[in-house]
Amino acid sequence: MSAGSATASDRFNPILVKEVRASLRARIFRVVFQIVLLGTVLVAVLALATLDPESDHAGRRFFEPIYFCLCVALLGVIPLSAFFSMGSEWDENTYDLLAISNLRPRQIVLGKLLSSSIEALLYFSAFAPILVLAFLLRGVDIGQVLLVLATTFGASVGSAGAAIGLSSLGRARAARVLLLVVLGGLLLALIAGVMQTVAIGLNRPGVFAASFVGDFLFSILGLTCGAGALGLAVACERLAHPEENHSSGPRVVVTVLYAAYLAWAAIWMSAHWYVDGAAIGLTLVTLAHVFFATERETLTRRVQRQVPRSGGLALLATPFLPGGGRAILLFCVHLLMAVVFGILAEAHRPSASTAPSGLFERAQALIVFAGYLFIYVAGITLPFSRRTDEVRMRWIARVAVPLIALLSIFAPSILDFLFAKHRYVEMKHPLNPFWVLEDDVSDITLNRICVVLAPLVVVVFLANLGRLDRAWREVQKASRDNRERAQARESVIVTREAGA
């Protein structure tokens, strides 16, 4: 390699060069790679020795064990390698060296992801020829093989991104051990789900790509890639300077993923089931808002300089800027998105498919459910908003929100069981927001809950008005200051040019 090409590669992403060299030279990679390949060859030989060449299912029986080995490598080894790669930055104290360099956090994170992708390509290139042999044994369509391989590789890259994000959350070794256990459980579930889906699909030749199995494979791809995108955004913010913007990246990623999920639910789900699907999306988004709404309320100086100078752009950017008050605005936007997507889907749905239990008939349940979530996020975090500059208070608030929500759901049933009244044993009570989504809840019951819940939502909103006003005014002031600063620079330039 010439000096010019080496310089170009280093300039492209020096972390990629560093990680690839370290990974390929590491003893653990050489050992694991050889073990996986030797094990796969042994499994392939045993599978070929036990196959009946006259059977129409020989290709499928050969494909499944080899594909399991591929899943272990791509969906198990690669994400774990990415997790340990990110964790080594804390263990070896190399993060401080990266922090004082000219590298940006996204270059560091992207370099690690690309390194994991190259490792995945090595495994992929070793397994793909063996898996394609299943096509020659009959029983497996080449389109099925290509679809499965492409989906698995994409899921591997997405899982590696999610693993990097998880590893960035735990700088302490004890925290990373717990996160590693969580990651291991998720990867085992992912491998089991993919294997079961592929096994079902291979037993239904000719309809694989068009059936629910194909849709589920693409759902896995969307889920892993979505988790990977969120993990990369979180890792970038964790590596950024304390005065930098740590929130806008995850907020934008969460909003984009949420919009994509709602669009998928509106297109593929019936009007009846869209309410349940939107409620699931709102629940996942609320988990992210537990962190957004407990951030420090004020903008740092560096973030203030990044506020758009245009008043209109500043208005649009306000919900995506850091701050607990601005997170409440974003949460209201997300609540509105669930309703808007549902209305648009219902408006474009053929009239013949409109059922009595359509979206408009169940829209009240979704609105009531959103009201519960708004009270959890905006109401519980409000008492902590004045002291979110303290890290301890932020974490207390982040624990308080899910804790109070879980108590409101389970406490009535536990007390009912202890006092042997058995009215709420099945958790069908007004304090359980998920109960209002069930089909057996009557319109009269929903109306009664609305009578009590609506004033509470109004009270919580009015109590947060000061918080929202401060958040809005801070963004407008920063935008105005940036605009005046830019005008001052332009006037100085004009004056110098006139004097010259």
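Modeller: Here are the labels, each set against its definition.

Modeller: This is a predicted model, in which local features need pLDDT of at least 70 and side-chain atom pairs count only at pLDDT 80 or more, while totals for chains, interfaces and linings use all residues. Numbering runs from 1 along each chain as its sequence is written, and side-chain values use heavy atoms, leaving out hydrogens and water.

Biologist: Why are H7 and H8 called roughly antiparallel?

Modeller: H7 (residues 142-169) and H8 (residues 173-202) pack at about 170 degrees, with axes 11 Å apart. Angles over 145 degrees count as roughly antiparallel. Therefore the label holds for H7 and H8. Residues in their contact (heavy atoms within 4.5 Å) include Val148 and Leu166 of H7 and Leu183 and Leu187 of H8. By class, that contact has ten nonpolar, four polar and one charged residues.

Biologist: What makes arginine 302 and glutamate 244 a salt bridge?

Modeller: A salt bridge needs a side-chain nitrogen of Lys or Arg within 4 Å of a carboxyl oxygen of Asp or Glu. In the pair of arginine 302 and glutamate 244, the closest N and O atoms are 2.9 Å apart. The pair links helix H12 to the loop between helix H9 and helix H10, 58 residues apart.

Biologist: Is arginine 326 buried or exposed?

Modeller: Buried means under 20% relative accessible area, exposed over 50%, partly exposed in between (1.4 Å probe, protein chains only). Arginine 326 has 0% relative accessibility, so arginine 326 is buried. Its salt-bridge partner is glutamate 474, with the closest N and O atoms 3.3 Å apart. Glutamate 474 has 18%, so glutamate 474 is buried as well. Glutamate 474 lies in helix H18 and arginine 326 in helix H14, so the pair ties together parts 148 residues apart in sequence.

Biologist: How do you know that arginine 473 is exposed?

Modeller: Arginine 473 has 55% relative accessibility, so the label is exposed. Aspartate 469 forms a salt bridge with arginine 473, the closest N and O atoms being 2.9 Å apart. Aspartate 469, at 34%, is therefore partly exposed.

Biologist: How many salt bridges does the structure hold?

Modeller: The structure holds nine.

Methods: Axes are lines fitted to C-alpha atoms, for helices over the stretch in contact, and angles run from 0 to 180 degrees between N-to-C directions. Helices (H or I, at least four residues) and strands (E, at least two) are DSSP runs, numbered from the N terminus. Angles under 35 degrees count as roughly parallel, over 145 as roughly antiparallel, 65 to 115 as roughly perpendicular and the rest as oblique. Ala, Val, Leu, Ile, Met, Phe, Trp, Tyr, Cys and Pro count as nonpolar, Asp, Glu, Lys and Arg as charged, and the others, Gly among them, as polar.
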